[in-house]
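Colleague: I'd like a close look at a single part of this model, the first chain. Walk me through it, please, and take your time.

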Amino acid sequence: MSEVAFSAVALKGLLAWASLWFLLFVCWRPYRVDAFRQSLFNLRHELFMYAAQGEITFDDKAYRELRRRINGMLRFAHRVNFLRLSFSVLLNSISPNPLLTGPSEKWRKCLQNVPSGHVRDKLTNIHYRMGVLMVRHMLTGSLTLLLSLGIYVLALMIRRSVQRILEFITSTVPGLLHGLELLESEALEC
Amino acid sequence: MSKQDERKHTFRLRILDLIGSMWSHLIPWAAIVLIFWATRDIIVSLAGKSTLADIGVKFLANVKISDGVIYLFGLGGVGYGLAERQLRRRSVGTMSERTKQLEQQLDPKRSSSKLTKRGTTRPEDRG
């Protein structure tokens, strides 16, 4: 291959990597944040409609606090990542930060003051679903986390499969159960 | 909590924030450095030996029609995606104001996400 032809191939490679970079950091990354925000907007709308139907008043502290929390997440959705979560948990376990734990306690207190059980359940459910959305957002954004999850799921599947195979063998192999009972009896006699 | 404690905890939060945002900015830049590092040897070995025009002509000469269609498809797809994103953001900008007005009729103390009208991060919140 001539020098110029080799350079052309190298240029092609460089262009391919640059295109991938563009796709990943200019297209996909902002899309993930937009999609996360859209799901949060849907959740906030659901909360609004729940209050609009008269299930809870718009002035209720729990309603206001939950809406404030969703709004906060909407505002800083671009900052939600696995590294930040890990550091927050790590730093808070070394030295608890009241600025991090305070808002959660405030939310729990507001929730406790809701008189109706089904309203409390609904607000808890919306808050829980916000957590699920955050986890999904972090998972799709972290290759390390995605690989770890893949390995974990694979290990879980193998474990369950082995368990099922053992159960199948125990229940179907003729005479095995009887043999096991004999072994148990021998152990008792010894 | 005393003011000193509050300052200390706020400082810690800022550090956490700084680490998080540095990480977010570091990854794309690290990827650029990695791409150039991987192609560095080729660029250095060819420095002064052949002109960019030579390489460009050879590159274009090697592009087959089928390759060209693939490039066009990729570029078109990305362009289409970006145009759709702009369109969606413009629609959000138009509709969000109306939603806000309607919601405020029921909930005058309605709190906001403080995003831009187009639903994007405010410049002062980036970082």
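Modeller: Domain bounds here come from an automatic or database domain assignment. On that basis chain A splits into domain 1 (27-141) and domain 2 (143-190), and the centres of domain 1 and domain 2 of chain A, taken over C-alpha atoms, are 40 Å apart.

Some housekeeping: residues are numbered from 1 along each chain as its sequence is written, while chains are lettered from A and ligands numbered from 1 in the order in which they are written. This is a predicted model, so local features need pLDDT of at least 70 and side-chain atom pairs count only at pLDDT 80 or more, whereas totals for chains, interfaces and linings use all residues.

pLDDT is the predictor's confidence in each residue, from 0 to 100. Chain A averages 89, with 95% of the residues scoring at least 70. Helices are DSSP runs of H or I, at least four residues, and strands are runs of E, at least two, numbered from the N terminus. In chain A, α2(A) has the highest confidence, at a mean of 95, and α3(A) the lowest, at 84.

Now the inside. A nonpolar core is a set of buried Ala, Val, Leu, Ile, Met, Phe, Trp, Tyr and Cys residues joined through C-beta atoms within 7 Å; buried means 20 or more other C-beta atoms within 10 Å of a residue's own, exposed 12 or fewer, partly exposed in between, with C-beta atoms placed from the backbone. The largest core has 14 residues, and those touching the most other members include A:Leu40, A:Tyr63 and A:Leu74. Two or more residues each come from α1 (3-52), α2 (61-75) and α5 (117-141) of chain A, with α2(A) giving the largest share, six.

A:Leu74 also reaches across to the partner. Counting a contact as C-beta atoms, placed from the backbone, within 7 Å, A:Leu74 touches A:Arg37, A:Leu40, B:Ser113 and B:Leu115, leaving out residues up to four places away in sequence.

The whole contact takes 38 residues from chain A and 39 from chain B. On the chain A side, α1, α2, α3 (82-94) and α4 (98-112) each supply at least two residues, and α1(A) gives the most, 20. That side divides into 22 nonpolar, eight polar and eight charged residues, where Ala, Val, Leu, Ile, Met, Phe, Trp, Tyr, Cys and Pro count as nonpolar, Asp, Glu, Lys and Arg as charged, and the others, Gly among them, as polar.

As for α4(A), zero of its 15 residues are buried, so it lies largely in the open.

Terms used: Two residues are in contact if their C-beta atoms, placed from the backbone, lie within 7 Å.
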